[in-house]
Amino acid sequence: MAHPSRWLKPLPQGLWCEPGGFFIDPTRAVDRAVVTHAHSDHARPGHGAVLATPATIALMRARLGAEACRSCQPLPTGTPLHVGDVELVLQPAGHVLGSAQVVITHDNCRVVISGDYKRAADPTCDAFVPVPCDLFVTEATFALPVFRHPPATAEIGRLLASVALFGERTHVVGCYSLGKCQRLIALLRAAGWDRPIFLHGALVPLCRVYEEQGVRLGPLRPATVAARADLVGGIVLAPPSAVADRWARRLAEPVIAMASGWMRVRQRARQGGVELPLVISDHADWDELNATIDELAAPEVWVTHGREEALIHAIGLRGVKGRALGLLGYGDEDDTEAEAAA
Ligand SMILES: [Zn+2]
Ligand SMILES: [Zn+2]
(Lines give C-alpha, C1' and ligand atoms only; values in the text may rest on other atoms or scores of the structure.)
(Ligands and ions follow the chains in the order given, each with its own letter.)
Protein backbone atom coordinates (compact mmCIF):
# COMPACT_ATOMS: atom_id res chain seq x y z
CA MET A 1 0.00 0.00 0.00
CA ALA A 2 1.49 3.32 -1.09
CA HIS A 3 1.05 6.04 1.52
CA PRO A 4 -1.70 8.40 0.29
CA SER A 5 0.70 11.37 0.41
CA ARG A 6 2.35 9.75 -2.64
CA TRP A 7 -0.81 10.11 -4.76
CA LEU A 8 -3.08 12.70 -3.09
CA LYS A 9 -1.49 16.13 -3.07
CA PRO A 10 -2.44 19.65 -1.98
CA LEU A 11 -1.67 21.89 -4.98
CA PRO A 12 -2.48 25.60 -5.43
CA GLN A 13 -5.65 24.62 -7.36
CA GLY A 14 -6.84 22.29 -4.59
CA LEU A 15 -6.47 18.65 -3.60
CA TRP A 16 -5.14 16.62 -6.56
CA CYS A 17 -5.75 12.88 -6.94
CA GLU A 18 -2.98 11.88 -9.33
CA PRO A 19 -4.03 8.29 -10.25
CA GLY A 20 -7.61 9.49 -10.81
CA GLY A 21 -6.59 12.57 -12.77
CA PHE A 22 -8.97 14.93 -10.94
CA PHE A 23 -9.07 17.68 -8.33
CA ILE A 24 -11.51 17.70 -5.40
CA ASP A 25 -13.30 21.07 -4.98
CA PRO A 26 -10.64 23.01 -6.94
CA THR A 27 -10.64 26.74 -6.30
CA ARG A 28 -9.37 27.49 -9.81
CA ALA A 29 -10.63 26.26 -13.18
CA VAL A 30 -9.22 22.78 -13.96
CA ASP A 31 -9.83 20.05 -16.56
CA ARG A 32 -11.53 17.57 -14.24
CA ALA A 33 -13.15 18.33 -10.89
CA VAL A 34 -15.06 16.29 -8.33
CA VAL A 35 -17.30 18.73 -6.46
CA THR A 36 -18.53 17.85 -2.94
CA HIS A 37 -21.37 20.39 -2.79
CA ALA A 38 -22.76 23.52 -4.42
CA HIS A 39 -21.53 26.24 -2.02
CA SER A 40 -19.65 28.84 -4.00
CA ASP A 41 -16.23 28.22 -2.41
CA HIS A 42 -16.38 24.52 -3.37
CA ALA A 43 -18.27 24.66 -6.69
CA ARG A 44 -16.46 27.16 -8.90
CA PRO A 45 -17.27 27.86 -12.52
CA GLY A 46 -14.99 27.14 -15.48
CA HIS A 47 -13.98 23.48 -15.10
CA GLY A 48 -13.67 21.27 -18.17
CA ALA A 49 -15.69 18.46 -16.56
CA VAL A 50 -17.45 18.10 -13.21
CA LEU A 51 -18.50 14.98 -11.33
CA ALA A 52 -21.02 15.53 -8.51
CA THR A 53 -24.31 14.23 -7.11
CA PRO A 54 -27.44 14.96 -9.20
CA ALA A 55 -28.75 17.44 -6.59
CA THR A 56 -25.43 19.28 -6.49
CA ILE A 57 -25.50 19.60 -10.26
CA ALA A 58 -29.08 20.95 -10.15
CA LEU A 59 -28.01 23.53 -7.55
CA MET A 60 -24.87 24.46 -9.53
CA ARG A 61 -27.00 24.95 -12.63
CA ALA A 62 -29.31 27.31 -10.70
CA ARG A 63 -26.39 29.29 -9.29
CA LEU A 64 -23.95 29.36 -12.17
CA GLY A 65 -26.22 28.95 -15.19
CA ALA A 66 -26.72 26.03 -17.56
CA GLU A 67 -23.57 26.89 -19.51
CA ALA A 68 -21.37 26.21 -16.46
CA CYS A 69 -22.76 22.68 -16.23
CA ARG A 70 -22.46 21.63 -19.85
CA SER A 71 -20.12 18.77 -18.98
CA CYS A 72 -21.40 17.86 -15.54
CA GLN A 73 -21.65 14.13 -14.87
CA PRO A 74 -24.12 13.12 -12.15
CA LEU A 75 -23.08 10.29 -9.83
CA PRO A 76 -25.69 9.19 -7.26
CA THR A 77 -24.40 8.51 -3.73
CA GLY A 78 -23.34 4.95 -2.98
CA THR A 79 -22.54 4.11 -6.61
CA PRO A 80 -18.91 3.09 -7.23
CA LEU A 81 -17.21 4.46 -10.35
CA HIS A 82 -13.78 3.69 -11.76
CA VAL A 83 -11.92 6.86 -12.65
CA GLY A 84 -8.43 6.36 -14.01
CA ASP A 85 -6.68 4.08 -11.54
CA VAL A 86 -8.99 4.67 -8.55
CA GLU A 87 -12.43 3.63 -7.39
CA LEU A 88 -14.56 6.59 -6.40
CA VAL A 89 -17.80 6.61 -4.38
CA LEU A 90 -19.78 9.62 -3.18
CA GLN A 91 -21.43 9.27 0.26
CA PRO A 92 -23.81 11.75 1.94
CA ALA A 93 -22.15 14.42 4.09
CA GLY A 94 -25.27 15.82 5.82
CA HIS A 95 -24.19 19.42 5.11
CA VAL A 96 -26.72 20.69 2.53
CA LEU A 97 -28.87 19.07 -0.19
CA GLY A 98 -26.62 17.01 -2.48
CA SER A 99 -23.53 17.34 -0.29
CA ALA A 100 -21.21 14.35 -0.47
CA GLN A 101 -17.99 12.97 0.91
CA VAL A 102 -15.57 11.64 -1.69
CA VAL A 103 -14.37 8.11 -0.94
CA ILE A 104 -11.32 7.12 -2.98
CA THR A 105 -9.79 3.65 -2.95
CA HIS A 106 -6.38 3.16 -4.55
CA ASP A 107 -3.70 0.54 -3.99
CA ASN A 108 -5.60 -1.03 -1.05
CA CYS A 109 -5.81 2.34 0.67
CA ARG A 110 -9.11 4.10 1.39
CA VAL A 111 -9.26 7.86 1.74
CA VAL A 112 -12.40 9.78 2.74
CA ILE A 113 -12.57 13.49 1.91
CA SER A 114 -15.39 14.98 3.96
CA GLY A 115 -16.08 18.24 2.17
CA ASP A 116 -18.16 20.32 4.59
CA TYR A 117 -20.24 18.13 6.88
CA LYS A 118 -22.34 17.90 10.01
CA ARG A 119 -23.75 15.07 12.12
CA ALA A 120 -26.85 16.85 13.50
CA ALA A 121 -30.18 15.87 11.94
CA ASP A 122 -31.27 17.92 8.91
CA PRO A 123 -34.64 17.17 7.28
CA THR A 124 -33.47 18.69 3.96
CA CYS A 125 -30.58 16.33 3.16
CA ASP A 126 -29.32 12.78 3.62
CA ALA A 127 -27.44 12.09 6.85
CA PHE A 128 -23.63 11.74 6.96
CA VAL A 129 -22.55 8.15 6.28
CA PRO A 130 -19.47 7.15 8.30
CA VAL A 131 -16.94 5.23 6.16
CA PRO A 132 -13.99 3.68 8.04
CA CYS A 133 -10.77 4.59 6.24
CA ASP A 134 -6.97 4.79 6.30
CA LEU A 135 -6.95 8.56 5.90
CA PHE A 136 -9.71 11.05 6.72
CA VAL A 137 -9.46 14.49 5.13
CA THR A 138 -11.70 16.79 7.16
CA GLU A 139 -12.88 20.37 7.33
CA ALA A 140 -12.42 22.22 10.64
CA THR A 141 -14.56 25.36 10.40
CA PHE A 142 -15.68 25.16 14.04
CA ALA A 143 -12.74 23.22 15.50
CA LEU A 144 -12.46 24.97 18.83
CA PRO A 145 -13.89 23.66 22.12
CA VAL A 146 -15.96 26.87 22.46
CA PHE A 147 -18.01 25.83 19.44
CA ARG A 148 -20.72 23.48 20.67
CA HIS A 149 -23.89 23.91 18.67
CA PRO A 150 -27.13 23.52 20.69
CA PRO A 151 -29.91 21.38 19.16
CA ALA A 152 -31.39 23.30 16.21
CA THR A 153 -34.91 22.42 17.41
CA ALA A 154 -34.23 24.36 20.64
CA GLU A 155 -33.09 27.41 18.65
CA ILE A 156 -36.25 27.23 16.51
CA GLY A 157 -38.21 27.05 19.78
CA ARG A 158 -36.60 30.33 20.87
CA LEU A 159 -37.56 31.94 17.56
CA LEU A 160 -41.19 30.81 17.83
CA ALA A 161 -41.37 31.96 21.46
CA SER A 162 -40.22 35.41 20.36
CA VAL A 163 -42.78 35.47 17.54
CA ALA A 164 -45.52 34.60 20.05
CA LEU A 165 -44.32 37.28 22.46
CA PHE A 166 -43.97 40.11 19.91
CA GLY A 167 -47.00 39.46 17.71
CA GLU A 168 -47.11 43.07 16.45
CA ARG A 169 -43.59 42.92 15.06
CA THR A 170 -42.02 41.19 12.04
CA HIS A 171 -39.26 38.65 12.64
CA VAL A 172 -36.53 38.83 10.00
CA VAL A 173 -34.08 35.92 10.07
CA GLY A 174 -30.78 36.29 8.24
CA CYS A 175 -29.68 33.03 6.65
CA TYR A 176 -27.45 31.85 3.86
CA SER A 177 -29.37 31.17 0.64
CA LEU A 178 -28.22 27.57 0.06
CA GLY A 179 -28.90 25.11 2.83
CA LYS A 180 -29.49 27.24 5.90
CA CYS A 181 -32.61 28.87 4.46
CA GLN A 182 -34.27 25.61 3.49
CA ARG A 183 -33.25 23.90 6.75
CA LEU A 184 -34.85 26.74 8.74
CA ILE A 185 -38.06 26.37 6.75
CA ALA A 186 -38.12 22.60 7.29
CA LEU A 187 -37.39 23.01 11.02
CA LEU A 188 -40.18 25.57 11.34
CA ARG A 189 -42.60 23.19 9.60
CA ALA A 190 -41.52 20.33 11.90
CA ALA A 191 -42.18 22.63 14.88
CA GLY A 192 -45.75 23.16 13.65
CA TRP A 193 -45.43 26.56 11.90
CA ASP A 194 -47.77 25.98 8.95
CA ARG A 195 -48.43 29.63 8.02
CA PRO A 196 -46.79 31.06 4.91
CA ILE A 197 -43.09 31.89 5.33
CA PHE A 198 -41.97 35.06 3.57
CA LEU A 199 -38.82 35.08 1.45
CA HIS A 200 -36.54 37.85 0.24
CA GLY A 201 -36.27 37.51 -3.55
CA ALA A 202 -32.66 36.29 -3.39
CA LEU A 203 -33.76 33.13 -1.58
CA VAL A 204 -36.50 32.07 -3.99
CA PRO A 205 -34.56 30.29 -6.81
CA LEU A 206 -32.73 27.78 -4.59
CA CYS A 207 -35.91 27.02 -2.62
CA ARG A 208 -37.42 26.13 -5.96
CA VAL A 209 -34.57 23.70 -6.70
CA TYR A 210 -35.02 22.06 -3.29
CA GLU A 211 -38.70 21.52 -4.03
CA GLU A 212 -37.90 20.13 -7.49
CA GLN A 213 -35.54 17.70 -5.75
CA GLY A 214 -38.38 16.52 -3.50
CA VAL A 215 -37.85 18.60 -0.34
CA ARG A 216 -41.26 19.92 0.77
CA LEU A 217 -41.13 23.47 2.14
CA GLY A 218 -44.83 24.33 2.51
CA PRO A 219 -46.40 27.70 1.59
CA LEU A 220 -43.79 30.35 0.69
CA ARG A 221 -44.56 33.98 -0.23
CA PRO A 222 -42.44 36.82 -1.54
CA ALA A 223 -41.55 39.37 1.14
CA THR A 224 -41.92 42.82 -0.35
CA VAL A 225 -41.82 46.06 1.54
CA ALA A 226 -45.10 46.97 -0.23
CA ALA A 227 -46.81 44.13 1.58
CA ARG A 228 -45.37 45.02 4.98
CA ALA A 229 -48.78 44.90 6.69
CA ASP A 230 -49.11 41.21 5.75
CA LEU A 231 -45.75 40.51 7.35
CA VAL A 232 -46.75 41.67 10.84
CA GLY A 233 -46.59 38.69 13.20
CA GLY A 234 -44.87 36.68 10.49
CA ILE A 235 -41.44 35.25 9.75
CA VAL A 236 -39.32 36.65 6.92
CA LEU A 237 -36.13 34.95 5.73
CA ALA A 238 -33.51 37.07 4.01
CA PRO A 239 -29.81 36.82 3.11
CA PRO A 240 -27.51 38.28 5.80
CA SER A 241 -26.60 41.16 3.48
CA ALA A 242 -30.25 42.25 3.20
CA VAL A 243 -30.75 41.96 6.96
CA ALA A 244 -27.81 44.25 7.53
CA ASP A 245 -29.09 47.02 5.27
CA ARG A 246 -32.15 49.22 5.08
CA TRP A 247 -34.33 46.59 3.41
CA ALA A 248 -35.09 44.87 6.72
CA ARG A 249 -35.40 48.12 8.66
CA ARG A 250 -38.32 49.22 6.49
CA LEU A 251 -40.46 46.30 7.71
CA ALA A 252 -42.84 46.81 10.66
CA GLU A 253 -40.76 47.03 13.88
CA PRO A 254 -38.48 44.22 12.80
CA VAL A 255 -36.91 41.80 15.25
CA ILE A 256 -33.55 41.07 13.63
CA ALA A 257 -32.45 37.44 14.00
CA MET A 258 -29.54 35.59 12.42
CA ALA A 259 -29.03 31.83 12.04
CA SER A 260 -25.34 30.91 12.01
CA GLY A 261 -22.80 28.87 13.93
CA TRP A 262 -20.95 32.15 14.49
CA MET A 263 -23.82 33.42 16.65
CA ARG A 264 -22.09 31.51 19.46
CA VAL A 265 -19.69 34.47 19.46
CA ARG A 266 -21.64 37.24 21.20
CA GLN A 267 -19.50 39.98 19.76
CA ARG A 268 -20.39 38.93 16.21
CA ALA A 269 -24.10 39.13 16.96
CA ARG A 270 -23.71 42.54 18.56
CA GLN A 271 -21.68 43.91 15.66
CA GLY A 272 -24.35 42.84 13.19
CA GLY A 273 -27.12 44.49 15.23
CA VAL A 274 -28.67 41.07 15.80
CA GLU A 275 -31.32 41.08 18.51
CA LEU A 276 -32.06 37.35 18.40
CA PRO A 277 -28.96 35.26 17.60
CA LEU A 278 -29.79 31.66 16.63
CA VAL A 279 -26.89 29.20 16.84
CA ILE A 280 -27.75 26.98 13.88
CA SER A 281 -24.86 25.65 11.83
CA ASP A 282 -24.47 23.28 8.89
CA HIS A 283 -20.92 22.42 9.99
CA ALA A 284 -19.77 19.87 12.54
CA ASP A 285 -19.02 21.42 15.93
CA TRP A 286 -16.03 20.52 18.15
CA ASP A 287 -17.70 17.41 19.58
CA GLU A 288 -18.96 16.19 16.20
CA LEU A 289 -15.52 16.62 14.60
CA ASN A 290 -13.83 14.62 17.35
CA ALA A 291 -16.54 11.95 17.55
CA THR A 292 -16.43 11.49 13.77
CA ILE A 293 -12.65 11.09 13.73
CA ASP A 294 -12.89 8.49 16.51
CA GLU A 295 -15.72 6.66 14.74
CA LEU A 296 -13.87 6.41 11.41
CA ALA A 297 -10.80 5.08 13.26
CA ALA A 298 -8.40 6.45 10.64
CA PRO A 299 -4.79 6.42 11.86
CA GLU A 300 -4.17 9.69 10.02
CA VAL A 301 -6.24 12.87 9.54
CA TRP A 302 -5.58 15.79 7.22
CA VAL A 303 -7.34 19.11 7.82
CA THR A 304 -8.23 21.07 4.69
CA HIS A 305 -9.28 24.44 6.11
CA GLY A 306 -10.49 26.06 9.30
CA ARG A 307 -8.98 26.07 12.79
CA GLU A 308 -6.67 23.13 12.54
CA GLU A 309 -4.21 23.54 15.46
CA ALA A 310 -6.63 22.67 18.29
CA LEU A 311 -8.04 19.69 16.43
CA ILE A 312 -4.64 18.30 15.46
CA HIS A 313 -3.48 18.69 19.06
CA ALA A 314 -6.57 16.94 20.44
CA ILE A 315 -6.39 13.96 18.08
CA GLY A 316 -2.62 13.70 18.61
CA LEU A 317 -3.31 13.01 22.29
CA ARG A 318 -5.42 10.06 21.13
CA GLY A 319 -2.65 8.69 18.92
CA VAL A 320 -3.97 9.97 15.59
CA LYS A 321 -1.47 11.63 13.28
CA GLY A 322 -2.67 15.04 12.06
CA ARG A 323 -1.56 17.23 9.18
CA ALA A 324 -2.70 20.75 8.31
CA LEU A 325 -3.09 21.20 4.55
CA GLY A 326 -3.85 24.91 4.86
CA LEU A 327 -5.78 24.94 1.59
CA LEU A 328 -6.68 28.47 0.58
CA GLY A 329 -9.91 29.75 -0.91
CA TYR A 330 -12.43 28.05 1.35
CA GLY A 331 -14.51 29.84 3.95
CA ASP A 332 -17.63 29.27 5.93
CA GLU A 333 -20.57 30.23 3.73
CA ASP A 334 -22.16 32.38 6.46
CA ASP A 335 -18.91 34.26 6.74
CA THR A 336 -18.44 34.66 3.00
CA GLU A 337 -21.78 36.33 2.66
CA ALA A 338 -21.35 38.52 5.74
CA GLU A 339 -18.03 39.73 4.40
CA ALA A 340 -19.49 40.39 0.99
CA ALA A 341 -22.10 42.57 2.68
CA ALA A 342 -19.57 44.49 4.77
ZN1 LIG B 1 -20.38 24.34 2.48
ZN1 LIG C 1 -16.96 25.28 2.80
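At what angle do helix α1 and helix α4 pack, and how far apart are their axes? Before you look for the answer, keep in mind that the structure in your viewer is a predicted model.

Begin by colouring the chain by pLDDT, the predictor's confidence in each residue: the average over the chain is 93, and 97% of the residues score at least 70. Then select residues 337-342, where the pLDDT is below 50, and note that this stretch has nine contacts in the model beyond near neighbours in sequence.

Next, select residues 54-64, which form helix α1, together with residues 204-212, which form helix α4; the two helices pack at an angle of about 155°, and their axes are 10 Å apart. Because angles over 145 degrees count as roughly antiparallel, α1 is described as roughly antiparallel to α4, and the crossing of these two helices is right-handed. Now show the side chains at the contact, which are Ala58, Leu59 and Ala62 on α1, and Pro205, Leu206, Val209 and Glu212 on α4. Sorted by class, the residues of this contact are six nonpolar, no polar and one charged.

Note on methods: Residues numbered from 1 in each chain as written. Chains lettered and ligands numbered in written order. Predicted model: local features only at pLDDT ≥ 70, side-chain atom pairs only at ≥ 80, totals over all residues. Axes fitted to C-alpha atoms, helices over the stretch in contact; angles between N-to-C directions. Helix = DSSP H or I, 4+ residues; strand = E, 2+ residues; numbered from the N terminus. Parallel < 35°, antiparallel > 145°, perpendicular 65-115°, else oblique. Left-handed = near helix turned anticlockwise from the far one by under 90°. Contact = placed C-beta atoms within 7 Å. Nonpolar A, V, L, I, M, F, W, Y, C, P; charged D, E, K, R; others polar. pLDDT = per-residue confidence, 0-100.
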